[in-house]
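Here are my notes for you to read alongside the model. Have a look at the picture, then work through the points one by one.

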Amino acid sequence: MKTLSENRCFGGMQGVYTHRSAATGTDMTFGLFLPAEAEDGPVPVLWFLSGLTCTHENAMVKAGAQRWAAEMGLALVFPDTSPRGEGVANDAAFDLGQGAGFYVNATQSPWAPQFRMWDYVTEDLPRILFNAFPLDEGAQAITGHSMGGHGALTVAMSFPGRFASVSAFAPICEPCRSDWGRKQFTAYLGADEALWAPHDATALMRRYGFDGPMLIDQGTADQFLDLLRPEALAGAMAERRQGGSFRMQKGYDHSYFFISTFMEDHIAFHASALHG
């Protein structure tokens, strides 16, 4: 692992690091914020999975999360959204290829050798983090935005007991029935839709639910609302009688202005679960 930068931030340290990934076979970059409490021992950790076109940097710079994480004693992990670099498959469209890994393990050509973001965020990067930094592996929570909200929800429901809480900002809620999902799942996973269901938050909610607190914020003025399908997940939560809060925030869109507005709420929500 190589340190690219470390900057003092709200009494803690915001670092950016790169490492060779066993999952993707490429160099991967991630951001990690450690609060001051990490100087004395392992701290709880909140994962932030980013959306389409983003790198590790977008949420790290724009979400305003470090201030609240520092106050509440949480570490923040900001992974990248896909493998990158020379020889990595790509597409001219913004919603496929580099920057659009969709947190799945691709099985189809040309994506299969490197687009293994499910393994990266659930196995490879955790192994690096918990070996190298003072993080409490038994106190994890996860959140994300848009494609990353989809990733946060599907990962949380697929690993019972790993995460104390899950939240999402404007997540892609039902990718199996949306153009933000069907296109990418066909490309990455093939045409058999039975293989898509394990990566659909609405389907996972109906089948498993989440054994912990959930918080979802969705803006009513989101320009991608029809692609996100929040009504599908909200309906599945109601059918299952899943505990949680699904909030429609009047007038907010899909941007980081929306995320930064409600970031304090989300970090306080996770801090309560992690410290409680």
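1. Start with helix α3, residues 117-132, which bends by about 35° at L125. A proline, P126, follows within four residues of that bend. The bend at a residue is the angle between axes fitted to the seven residues ending there and the seven starting there. Helices (H or I, at least four residues) and strands (E, at least two) are DSSP runs, numbered from the N terminus.

2. A word on where this comes from: it is a predicted model, with local features needing pLDDT of at least 70 and side-chain atom pairs counting only at pLDDT 80 or more, while totals for chains, interfaces and linings use all residues. Residues are numbered from 1 along each chain as its sequence is written, and side-chain values use heavy atoms, leaving out hydrogens and water.

3. Which residues of α3 are buried? Among them are M117, W118, Y120, L125, P126 and F130. Buried means under 20% relative accessible area, exposed over 50%, and partly exposed in between (1.4 Å probe, protein chains only).

4. Now the nonpolar core, meaning a set of buried Ala, Val, Leu, Ile, Met, Phe, Trp, Tyr and Cys residues joined through side-chain atoms within 4.5 Å. The largest one has 91 residues, and L32, L135, Y188 and I267 have the most contacts inside it. Helix α9 (residues 256-275) gives this core its largest share, eight residues.

5. Zoom in on Y188. Leaving aside neighbours within four places in sequence, Y188 is in contact (heavy atoms within 4.5 Å) with a list of residues including L96, F102, V104, W111 and F115.

6. C9 counts as buried because its relative accessibility is 16%. C173 is in no disulfide either, with the sulfur of C176 nearest at 13 Å. C173 is buried too, at 0% relative accessibility.

7. Finally, step back to the whole chain. The secondary structure comes to nine helices and nine strands. Of the 276 residues, 58% count as buried. Among contacts between residues at least 6 apart in sequence, 72% join residues at least 24 apart. The C-alpha atoms fill a box of roughly 50 × 45 × 35 Å, taken along the principal axes.

How values were computed: A disulfide is a pair of cysteine sulfur atoms within 2.5 Å.
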